Amino acid sequence: MPHSSGGGSSGGGFHSGSSSGSSNHISSHYFPGARRYRRFYTDGRPDEYVYANSKPGKTGISSIIIIAVMGFIFAAVAGFAMFTDRPRFINPEYSDAPAIHDPLSAIEEREELLELMTTYNKITGICPVIYTVFDEEWNRDYENLEKYAYDVYVSHFSDEQHYVFVYSVPAKSAVFENGHVTSSEFKWEAMQGDDTDNILTESAADKIGNTIQKELKAGKGPGRAFISGFNVAIDSANNKLNPSPARKVFNTVGQAVPFLLVLAIFVPLLLLMVKSYKKEKAMDYEEVPLDVEPQEVPGLKTFTNASGGRVTTYLGSGYSSRSVEYSAANPAASKVVKVISLAVIIPFILIGIGVITGGAAILRSGNGDRASGIFMIMFGVVWTFISAAILLSILTTAARAKKKAQDPLTAEYPQAEYPDMKPVTPAPSVPDTQTEFDPQFFGSAKSDYEEDDEEYKRMKRRGFE
């Protein structure tokens, strides 16, 4: 629909027209509140140990796909905008020609002004039309001249390719001299169709409007004021549609900046994510209690704690070791995650729904660009789907954390899983020379660890036998 591109009055200046969770700290050194994790590789690389607030995550293929889809969407939108915003001659959908409707006889330089309006029409394809009226013709039914000018546009033209001016003076202050009406009081308003926006940009419309207002305030009359305004409009249109080689390059680069910016953000990000995914594909994490000193044993992963107890993790074929969580999830953190998720993601979902609704409205109206309507619907559907998926993922994670908090025993000491294989305990070495007093034959049948080490007993009860 048409929209205002500016206006003014004798009592004021020119006015412009109206426009249609917290991060996981990972370090190689201990820090307060940290837990220790072993980073092990299945491709033979040596193990590494890191400290973190919680188990470090890995780059997943789903994250790469989401970022790639979002990058494609933003790049497509930026490319579409770059193509559609490029100034180009408007192929006329109207059958009329530039005209001046002046029942007040307020415009003295009618022929000169109409010639400039015709020139502007030939350069741009935009059809300018000027109307003159008395205030009394509209101020009883309309709140202001802008609303009246809008009604003039939509009641006379069904396209979006006209540039309509309405010049109004109060009858009580009008003076008829030399066959023309003059007045020290005036109002004027301009309306432009949506298809003109690529040429009549906001800055161009402001420049034209400021020129007209300045001339009217100087008392030069509407004819001379509009002549000055259309001279500015013609220069602006020529610069946009027929630029010099240097300016053409400058304009192209300026229009491509959003597209290039999107590429500069998403391409390096995707490359880094793919690189991390390949590196982390053969990697996993396992929590190691802070009081456990790591030891390497062929075929097994064995840890000895500070008091001498041994904890063995079997890494047999097809076995995936479990991380041992030693502290329950914080339920308050879960609530914070939910609140932040709702506050951040829901507006994105509403934006997507709004875009879908706007695209459907364009298709229903039949007056807009059908391709734009279809594009808006497709973009809105993808945008809403991704936003909803992210929200669901965050809320699911928060729900799992809350569940862990409600079952602290399970969260702290998960049931160990062992493969069918059993560790082989080497036979005790036999000394070359034995005596009947060898303490080996008189020692306790129970392990010293089982008798003395309370830590070992506790670990054994929890499934780390």
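The model described here is a predicted one. Strand β8 spans residues 162–169, and because 8 of its 8 residues are buried, the strand is largely enclosed by the rest of the structure.

The neighbours of β8 come next. Strand β7, residues 127–134, is joined to β8 by 8 bridges, and the two strands run parallel. Within this pairing, Val-133 has Ser-168 of β8 as its bridge partner. To get from β7 to β8 the chain passes through helix α3, residues 145–156, and this β-α-β crossover is right-handed. Strand β8 also pairs with strand β11, residues 187–192, this time in the antiparallel sense and over 6 bridges. Here Tyr-163 stands opposite Gln-192 of β11.

Ring pairs link Tyr-163 and Phe-165 with Tyr-120, Trp-188, Phe-226 and Phe-230 into a cluster. Across the protein, the count of aromatic pairs comes to 12. In one of these pairs, the rings of Tyr-142 and Tyr-148 have their centres 5.3 Å apart and their planes at 70°, so the pair is edge-to-face. Tyr-148 has a relative accessible area of 14% and is therefore buried, the cut-off being under 20%. Tyr-142 counts as partly exposed because its relative accessibility is 24%.

Strand β11 brings in a charged contact too. Lys-187 forms a salt bridge with Asp-135, with the closest N and O atoms 3.5 Å apart. Asp-135 lies in the loop between β7 and α3, while Lys-187 lies in β11, so the pair ties together parts that are 52 residues apart in sequence. The two partners can be set side by side in terms of cover. Asp-135 is buried, with a relative accessible area of 6%, whereas Lys-187 is partly exposed, with a relative accessible area of 33%.

The salt bridges in the protein number 4. One of them joins the side chains of Arg-35 and Glu-287, at 3.2 Å from N to O. This pair links distant parts of the chain, since Arg-35 is in strand β4 and Glu-287 is in strand β12, 252 residues apart. Arg-35 and Glu-287 are both buried. Another salt bridge is formed by Glu-215 and Lys-220, whose closest N and O atoms are 3.5 Å apart. Glu-215 is buried, with a relative accessible area of 13%, and Lys-220 counts as partly exposed at 46% relative accessibility.

Strand β4, residues 35–41, and strand β5, residues 48–52, pair in the antiparallel sense over 5 bridges. Arg-35 stands opposite Ala-52 of β5 in this pairing.

Val-382 lies in helix α8, which covers residues 370–406. At 31% relative accessibility, Val-382 counts as partly exposed.

The totals complete the tour. The protein has 11 helices and 15 strands. Of its 465 residues, 35% are buried. The accessible surface comes to about 27300 Å², and carbon and sulfur atoms account for 58% of that area.

Key. Residues numbered from 1 in each chain as written. Predicted model: local features only at pLDDT ≥ 70, side-chain atom pairs only at ≥ 80, totals over all residues. Heavy atoms only, no water. Pairing = 2+ DSSP bridges. Helix = DSSP H or I, 4+ residues; strand = E, 2+ residues; numbered from the N terminus. Buried < 20%, exposed > 50% of the residue type's maximum accessible area, 1.4 Å probe, protein only. Areas by Shrake-Rupley, 256 points an atom, 1.4 Å probe, with all protein chains shown as cover. Phe/Tyr/Trp six-rings, centres within 6.5 Å; stacked < 30°, edge-to-face > 60°. Right-handed = clockwise from strand over helix to strand, strands pointing away.
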